[in-house]
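Have the structure open while you read.

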Number of protein chains: 2
Amino acid sequence: MTTLVFGHKSPDTDSTGSPIVWAWYLNEVKGEAAKPALLGEPNTEAAFVLTRWNLDKPEIISGVEAGAPVVIVDTNNPAELPADINDADIRAIIDHHKLVGGLETKGPIDITIRPLACTATIMYDLMGDDAAKMPEAIKGAALSCILSDTLEFRSPTTTDRDREVVAALAAELGVDVTEYAAEMFAAKSDVSAFSDAELIRMDSKEYEVGGKKFRVSVLETTAPQIPLDRKDSLMETFKTVEAEDGVDQVLLFVVDILKEEATLLVPNDLVKTVAEKSFGATVSGDTVVLPGIMSRKKQIIPNLTL
Amino acid sequence: MTTLVFGHKSPDTDSTGSPIVWAWYLNEVKGEAAKPALLGEPNTEAAFVLTRWNLDKPEIISGVEAGAPVVIVDTNNPAELPADINDADIRAIIDHHKLVGGLETKGPIDITIRPLACTATIMYDLMGDDAAKMPEAIKGAALSCILSDTLEFRSPTTTDRDREVVAALAAELGVDVTEYAAEMFAAKSDVSAFSDAELIRMDSKEYEVGGKKFRVSVLETTAPQIPLDRKDSLMETFKTVEAEDGVDQVLLFVVDILKEEATLLVPNDLVKTVAEKSFGATVSGDTVVLPGIMSRKKQIIPNLTL
């Protein structure tokens, strides 16, 4: 039975590319039948990466069959996976996020979680010498994942190991990192085709703080003015998303990759308080700029206070 | 702040020895202050191993302070750890059991779970070339852990990698594996000093099957007659343990390491049904022999049916 390899819902580049990398490894090196899958449409950056490296878009699945062999990558959070995930035969987990609890396995399996910026970096290390066997397209996928998750090393999640693996892959591929990352970020910034609700849910995780449920959404972009020009209509749509998703408040951070700052939309006093208490910000209007804030994992979530 | 390294409650040899191995590695190789700890008195085999290799008995702790740095080994089950474990600063988890869910970390950390027989085998691999730097006593601890968890390769949990690491360590130490394992198992079999309740809880894990809570206890021994001679009084004590621990039924498997079989005590019809449905056994008296059954993880738990 073919093992399905997939990442989280609302797939970004790492959750699109890492399953492709690992399915290649299982098939070609370990001799185990595997194929990558997606839990939704890839974002515009991930779609660009697939085209750039001439990779087939993995099949989009909505659930997994009971007992089906799966490998979970880039998450260990059941909320970001199919509802029936614990009925599957989870064969391995490779991730770089905090352990949230909730996944269960039927027996001991391979689980590797490392505090690196990107799943693909962990995979590169797990493959050892076999990483050299990756064909160009697979190397391209791995390189793209790391550049995406590190925002080309601007994110404070970046480790020396992420840099080293990018350097090695880029050299082998003959890719100019800065030029290629700029193309990726331009693709990610092209959000004109998305509705407000799609933008809010595109890269979003739920967290509970002080008894309130927040949907913490991030838009990483090199063109912040595009979403900020839509701020009134985005904030109006917060209410719809909150009602539909059963959360108390959407927090939308527009992250300017090049200026290395985030702009938080401030529709009400609750978000104003969050901005002041969490980031020491002084809020006057309906947006506030947070200098240096790039990473939900390292900077936003750990500081979230009510 | 010194990192505490510990395994599960009711420490066996792996949960006693692996913390010693990893604390050595953190201190001497990684330059991070660490010390091993125990969540209870080590069993008689683990106590023998400490004496044999002239190792200090780690401090026994009953809880951890909020925010204290800890490394958890040989379990990922909150039920087998201090009640306040999620308040600690969990720095790493190294384990070889199925993922049960429940542990949470504040950020991404190093988590390594592998389907090997023993935590010490995983540690040996994680250390890479640095494993050669282990002094004799630390190598002795690692060797003992693997021989204990594999029952000298008799357990079906044994992998080729466990065998290889034992072969390497035994050669470096000049230890005769069969002779040394026999000494360890003799120490484990010396249970005369323990009360019935202590014997029942010594190596025991709770599992829920068919809506009933079982305490699945295993006594691995080369002298099964010693506990079996006490079977009436043991079965009488089941009731006390069940009441005190809030479980429906104790299942006590006396595993004969040399004959490679288990004897299950059968105090009532419920256990009779479990024996018949789970292991296809034909039960006539108050005990039943289950040929080939050695491993709770691989053979007992996966088959438990009601």
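Predicted model: local features only at pLDDT ≥ 70, side-chain atom pairs only at ≥ 80, totals over all residues.

**Helix α2 of chain B**
- Helix α2(B) covers residues 44-52, and its buried residues are T44(B), E45(B), A46(B), F48(B), V49(B) and L50(B).
- If you look for what covers those buried residues, you'll find helices including α1 (13-29), α4 (136-149) and α6 (177-189) of chain B.
- T51(B) is also part of helix α2 of chain B, but T51(B) counts as exposed because its relative accessible area is 63%, and the cut-off for exposed is over 50%.

- Where α2(B) starts, N43(B) has a side-chain oxygen within 3.2 Å of the backbone nitrogen of E45(B).
- Just past α2(B), N54(B) has a positive phi of about 60°.

**How α1(B) and α4(B) pack**
- The angle between α1(B) and α4(B) is about 150°, and their axes are 9 Å apart.
- That angle makes the two helices, α1(B) and α4(B), roughly antiparallel.
- On the α1(B) side, the contact is made by T13(B), D14(B), G17(B), S18(B), I20(B), V21(B) and W24(B).
- On the α4(B) side, I138(B), A141(B), A142(B), S144(B), C145(B), S148(B) and D149(B) make the contact.
- Sorted by class, this contact of α1(B) with α4(B) has 7 nonpolar, 5 polar and 2 charged residues.
- The crossing of α1(B) past α4(B) is left-handed.

How values were computed: Residues numbered from 1 in each chain as written. Chains lettered and ligands numbered in written order. Heavy atoms only, no water. Buried < 20%, exposed > 50% of the residue type's maximum accessible area, 1.4 Å probe, protein only. Helix = DSSP H or I, 4+ residues; strand = E, 2+ residues; numbered from the N terminus. Contact = heavy atoms within 4.5 Å. Polar contact = N/O pair within 3.5 Å; in protein donor to acceptor, adjacent residues only side chain to side chain. Axes fitted to C-alpha atoms, helices over the stretch in contact; angles between N-to-C directions. Parallel < 35°, antiparallel > 145°, perpendicular 65-115°, else oblique. Left-handed = near helix turned anticlockwise from the far one by under 90°. Nonpolar A, V, L, I, M, F, W, Y, C, P; charged D, E, K, R; others polar.
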